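The structure is shown first, and the notes follow.

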Amino acid sequence: MAETPTRKRRPRGSIDPEKILDGAFEIASRDGLDNLSMPGLAGHLDVGVTSIYWYFRNKDDLLRQMNARAIKDDQSTSVSVDDFLPENWRAFMYQHSNSSRERYRQDDLRIDLMLMKTSAYSGTATKFIYQGVEDALAFLVKAGFELTTAWYVYSTLSVYTRGFAIAERNRRHNQTPPEGRPQLNLLDAAAMPLLTALVAEDDGVIIDMTGDESFEFGLNMILDSAERLRERDIAAR
């Protein structure tokens, strides 16, 4: 019986930290962060596990670096204040929130790294985040908001968008509730006539409160309130 040839490992130093991060993202995208391990990553990259530990002390250290890369990539593709005049602040905030939600919706791993594993934030990642906030605040102040109002407008929209993205990620992951009329199977029509009526409509709601129309409604409600606050701030000067 012929012996199975032994797979040759890469020599130490033949792989760099960026390649290791590439492999970590490949495994996490396919299997989830919980199933990412240092030995599994080493096998995926065809290197000895000591080659991984040479650059990353443990999984937490690896997650911090993955988190930093995800945030840096996200910042590079987000809507920039440089593309808007201050008087078009509403268009900026609207597009910023919608584009953030869309990026999260297209990549569950982005949500897990940036919104769920916040304890893994590195100093580099934190700097990227705070610089983005600083730029947005400066833009809103130029648009007429007082600084404190600008902070509450930005932070409220940020929390709303991130919370919505997490709810939608959970819905995709759990596959419940279904869209459309199949949701009626979850309701007691006699005890819940109002919810039943909402779901039964041709373009009925999704009863876990996610969906495009729900997001749009909440976003515009926040922006309408922000406009009134801006007018108040300008009038108070």
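In this predicted model, the axes of α5 and α6 cross at roughly 110° and come within 5 Å.

**Contact of α5 with α6**
- On the α5 side, the contact is made by R103, Y104 and Q106.
- On the α6 side, D108, R110, I111, M114 and L115 take part.
- By class, the residues of this contact are four nonpolar, three charged and one polar.

**Largest pocket**
- The volume of the largest pocket is about 790 Å³.
- Its lining consists of 34 residues, and Q75, H96, I129, V133 and Y154 lie nearest the centre.
- Two or more lining residues come from each of α4 (59-77), α5 (89-106), α6 (108-116), α7 (123-142) and α8 (147-174).
- The biggest share of this lining, eight residues, belongs to α8.
- The lining of the largest pocket has 17 nonpolar, 12 polar and five charged residues.

**Second largest pocket**
- About 350 Å³ is the volume of the second largest pocket.
- This pocket is lined by 16 residues, with E179, I206, T210, G211 and D212 closest to its centre.
- At least two residues of the lining come from each of α5, α8 and α10 (212-235).
- The lining of the second largest pocket divides into nine charged, five polar and two nonpolar residues.

Terms used: Residues are numbered from 1 along each chain as its sequence is written. This is a predicted model: local features need pLDDT of at least 70, side-chain atom pairs count only at pLDDT 80 or more; totals for chains, interfaces and linings use all residues. Side-chain values use heavy atoms; hydrogens and water are left out. On a 1 Å grid over the protein atoms alone, a cavity is a set of points where a 1.4 Å probe fits but cannot get out, and a pocket is an open set with protein on both sides within 12 Å along at least five of seven lines; lining residues have an atom within 4 Å of a point. Grid points are joined across faces, edges and corners, and a volume is the space filled by probe spheres set on the points. Helices (H or I, at least four residues) and strands (E, at least two) are DSSP runs, numbered from the N terminus. Ala, Val, Leu, Ile, Met, Phe, Trp, Tyr, Cys and Pro count as nonpolar, Asp, Glu, Lys and Arg as charged, and the others, Gly among them, as polar. Axes are lines fitted to C-alpha atoms, for helices over the stretch in contact, and angles run from 0 to 180 degrees between N-to-C directions. Contact means heavy atoms within 4.5 Å.
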